[in-house]
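Please consider the following notes alongside the sequence and the structure. They proceed from the overall layout to single residues.

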Amino acid sequence: MIRRVVCSFALLFLLLSSGPIADGRREFIIDVPGATFTRVLGLNAQGDVCGGTMLKGVRLAFAGSRQADFTDLQTFAYPDAVFTQCRGINAKGQMVGAYTSPDGKSHAFVKDGSEFISIDVPRAIDTRGSGIDPRGNIVGRYTSADGIVHGFLRFRYGAVLTIDVPGATGTEASGITSRG
């Protein structure tokens, strides 16, 4: 009997605490017009989002703003890339992600306004960006020549710190706070 009452209260709590009614917030549909799919991967405190989409068979990144109710979704691609995906966006609107060059290699990028910066961790065979803080420091993952995946922190001035969890077979840094 007590178990049934506890389960009933738990179910009631879940129903009442989820969704737009409980927190007073609106729900939004984030869907790039004409896209086969839209996947949100990055979100900042202002509600700006970024991610990946497929439009007319091409894999692109996109970004949009909650202030515009996501009616301002814009797609973009790293120049000459065959694949682009945004994975993080900071409060300044700077974005970080990954792109694939025509030779099939993955690289990280930072997009600041219309400017793109390509980032490769030295001696890595694959580099992907995942998060960016307000100062422009980024985190992500890279694969070394031995096939091991490592996390990294790249400071805005270019120095790279490898992050490996002791005993792990692979590490990925996927986010960074405003305090680093």
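1. From the N terminus on, the order of elements in the chain is α-α-β-β-β-β-β-β-β-β-β-β-β-β. Helices (H or I, at least four residues) and strands (E, at least two) are DSSP runs, numbered from the N terminus.

2. This is a predicted model, in which local features need pLDDT of at least 70 and side-chain atom pairs count only at pLDDT 80 or more, while totals for chains, interfaces and linings use all residues. Residues are numbered from 1 along each chain as its sequence is written, and side-chain values use heavy atoms, with hydrogens and water left out.

3. The pLDDT is the predictor's confidence in each residue, from 0 to 100. Its mean over the chain is 85, and 85% of the residues reach 70 or more. Where pLDDT is low, the predicted coordinates should not be read in detail.

4. Of the 180 residues of the chain, 39% count as buried. Buried means under 20% relative accessible area, exposed over 50%, and partly exposed in between (1.4 Å probe, protein chains only).

5. Strand 9 runs antiparallel to strand 10 (residues 138–144), and seven bridges join the two; strands pair if DSSP finds at least two bridges between them. Arg128 has Arg141 in strand 10 as its bridge partner. The hairpin of these two strands has five residues between them, and there Gly136 takes a positive phi near 95°.

6. Gln94 lies in the loop between strand 5 (83–89) and strand 6. Is Gln94 buried or exposed? With a relative accessible area of 12%, Gln94 is buried. Its side chain makes polar contacts with the side chains of Asn90, at 2.7 Å, and Asp112, at 3.2 Å. A polar contact is a pair of N or O atoms within 3.5 Å; within protein, one must be able to donate a hydrogen and the other to accept it, and residues adjacent in sequence count only if both atoms are side-chain atoms. Leaving aside neighbours within four places in sequence, the contacts of Gln94 include Ile132 and Gly136.

Conventions
Contact means heavy atoms within 4.5 Å.
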